[in-house]
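What follows is a short report on one chain, written for reading beside its sequence and coordinates.

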Amino acid sequence: MPLAFLTASPAQSGLPVAVNGQKLPSLAPMLETSLPAVVNISTSTNVQVLEHPLMRDPFFRHFFQMPNQPSQRQKNSLGSGVIVDSRNGFVLTNNHVIDKADKIMVTLQDGRQLNAKLIGTDPDADIAVIQIPADNLTALPIANSDELRVGDFVIAIGNPFGLGQTVTSGIVSALGRSGLGIEGYENFIQTDASINPGNSGGALVNLNGEFVGMNTAILAPNGGNVGIGFAIPSNMAMTIKESLVKHGEVRRGLLGVSTQDLSPELVKAFGLETNKGAVVSKVEGNSPAARAGLEPGDIITKVNGQKIKGSHDIRNMIGLMQIGDKVDIEYLRNNEKMTVQAAIGQPQRPQVAGEKIHPRLLGTILSSSQKNQIEGVLLEKINTVSEVWRAGLRPGDIIVSANRYRVRNLDELVQVVNPQGQLLINIQRGEEAFFLVLK
């Protein structure tokens with residue numbers, strides 16, 4: 001089913017305001033203090049318009065009496081954000097709300113419109129921090145999202161369909177949702193509170209008006225809300241926010257293991273009594289995991305004292321750690337419980353100038369990368385005056401095949417490329433994919 005980033009009945013008249021002298025329960029008092037902390041975000045992006053090479057020829061335009069066409073068009077989008085630091089004016093939102101925006105405008109509940117400054121983004125977790133002038137702002141108090149339980153009441157606040165600030169309510173339907181392919185790091189809160197396009201980046205709050213999650217995506221087989229929405233837990237969002245504010249980026253480190261979930265077949269093969277944990281399938285050479293003594297076949301059961309249910313738990317926990325952090329790992333080897341400590345290391349991601357692989361890739365910087373769980377060759381940088389830029393390639397694009405061969409890294413790209421011939425590449429860009437011939 002596709003995943004999308006984010007009719008009322010007439011109000012009844014004459015409803016009683018009290019029953020037996022007691023006021024009816026209402027969320028209004030809590031919302032009066034929470035709503036000012038949730039903002040509307042609008043962005044504008046200048047998009048390069050591709051044109052036929054002949055259209056760049058003044059003689060051709062003059063001969064056919066064709067006027068100059070604008071080389072750019074403006075793209076606008078709407079979303080939501082949460083003020084989490086009123087003193088410094090920091091606003092938390094989704095990366096996809098402000099991605100590649102040239103201008104970010106924040107509208108407060110009181111009607112003020114403020115230009116925002118981008119502080120940092122983390123595309124892998126779909127989190128961004130922007131800053132607005134810190135003048136008479138209201139911030140949401142932050143709750144410990146680890147204390148959430150299935151069945152807890154929650155309220156979603158955001159800007160659906162650009163209608164303006166809107167409130168919906170529901171419960172926590174599930175916790176720890178992952179493997180959805182929405183982000184590189186997934187540990188979602190699932191809720192049936194109505195979340196729609198435009199709610200992205202808005203707040204999910206508890207009945208105390210505390211920030212427990214950031215609305216991010218919906219399960220939308222028909223493009224609309226069906227009662228399954230996803231929010232990034234506040235603990236994860238705030239950890240990443242601190243790194244973005246401090247460094248402007250998330251400096252994720254490397255443990256150096258690949259893991260997989262324990263299937264019933266693996267549980268039987270390893271003679272285990274539980275299916276909780278993750279089996280180490282690969283250990284990178286000279287990595288922190290290798291130096292700590294981990295081996296393929298080890299079953300990781302705890303990381304820093306937290307129980308591991310599957311491989312996604314390890315990915316999320318390690319993904320929130322910084323280079324140099326110590327991590328305690330409890331694992332089983334031949335059903336014997338063992339413990340080891342490793343230090344998160346510096347990730348090694350070699351980069352290469354594109355022209356060294358093929359002359360038509362002149363002006364690009366390439367690297368092997370697994371972005372948003374897509375293995376391929378990442379276009380890290382592209383010179384805006386290069387031929388590949390004019391052909392439509394952009395930073396962040398991923399080459400997943402070349403000359404009809406699947407490529408997962410730089411080495412595989414080199415093997416299938418003929419520097420003397422044309423280059424047919426398949427590009428993955430977000431949820432879109434297309435072929436491009438460079439010759």
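In helix α7, the buried residues are S311, D313, I314, N316, M317, I318 and G319. Buried means under 20% relative accessible area, exposed means over 50%, and partly exposed lies in between, with a 1.4 Å probe and protein chains only. Helices (H or I, at least four residues) and strands (E, at least two) are DSSP runs numbered from the N terminus. Helix α7 covers residues 311-319, and seven of its nine residues are buried, so the rest of the structure largely encloses it. Its buried residues pack against β17 (257-261), β18 (278-283), β19 (299-303), β20 (306-307) and β21 (326-333). Contact here means heavy atoms within 4.5 Å.

The model is predicted: local features need pLDDT of at least 70, side-chain atom pairs count only at pLDDT 80 or more, and totals for chains, interfaces and linings use all residues. Residues are numbered from 1 along each chain as its sequence is written, and side-chain values use heavy atoms, with hydrogens and water left out.

**Overall figures**

The chain has nine helices and 29 strands. It has 439 residues, and 44% of them count as buried.

**Strand β10**

Strand β10 is largely enclosed by the rest of the structure, because four of its five residues are buried. It pairs with two strands. Strand β6 (residues 90-93) runs antiparallel to β10 over four bridges. Strand β9 (residues 117-122) is also antiparallel to β10, over five bridges. Two strands pair if DSSP finds at least two bridges between them. A128 in β10 is the bridge partner of T93. I130 in β10 stands opposite L118. The hairpin of β9 and β10 has four residues between the strands, and D126 takes a positive phi near 60° there.

V129 belongs to β10. V129 is buried, at 0% relative accessibility. Beyond its neighbours within four places in sequence, V129 contacts F90, V91, L92, K117, L118, I119, G120, K241, L244 and V245. V129 and T93 are 36 residues apart along the chain, yet their C-alpha atoms are separated by 6.3 Å.

**Loop positions**

T138 sits in the loop between β10 (127-131) and β11 (153-158). T138 is partly exposed, at 31% relative accessibility. Not counting residues up to four places away in sequence, T138 touches T33, P36, A37, I83 and S86. V82 is 56 residues from T138 in sequence and 9.7 Å away in space, C-alpha to C-alpha.

S287 occupies the loop between β18 and α6 (288-292). S287 is buried, with a relative accessible area of 2%. Leaving aside neighbours within four places in sequence, S287 is in contact with L255 and G256.

D397 lies in the loop between α8 (387-391) and β26 (398-402). D397 is buried, at 2% relative accessibility. Its side chain reaches the backbone nitrogen of R394 at 2.8 Å. Such a polar contact is a pair of N or O atoms within 3.5 Å; within protein, one must be able to donate a hydrogen and the other to accept it, and residues adjacent in sequence count only if both atoms are side-chain atoms. Leaving aside neighbours within four places in sequence, D397 contacts V377, L378, L379, G392, I427, Q428 and R429.

**Salt bridges**

The structure holds eleven salt bridges. Each is a side-chain nitrogen of Lys or Arg within 4 Å of a carboxyl oxygen of Asp or Glu.

| Pair | N to O distance |
|---|---|
| K337 and E330 | 4.0 Å |
| R408 and E375 | 4.0 Å |
| E387 and R390 | 2.6 Å |

R408 and E375 form a salt bridge. This pair links distant parts of the chain, 33 residues apart: R408 is in the loop between β27 (405-406) and α9 (410-416), and E375 is in strand β25 (residues 374-382). R408 is partly exposed at 38% relative accessibility, and E375 is partly exposed at 35%. K337 is exposed, with a relative accessible area of 59%. E387 and R390 both lie in helix α8, three residues apart, about one turn of the helix. R390 is partly exposed, at 36% relative accessibility. Salt bridges that share partners join E295, D298 and R333 into one network.
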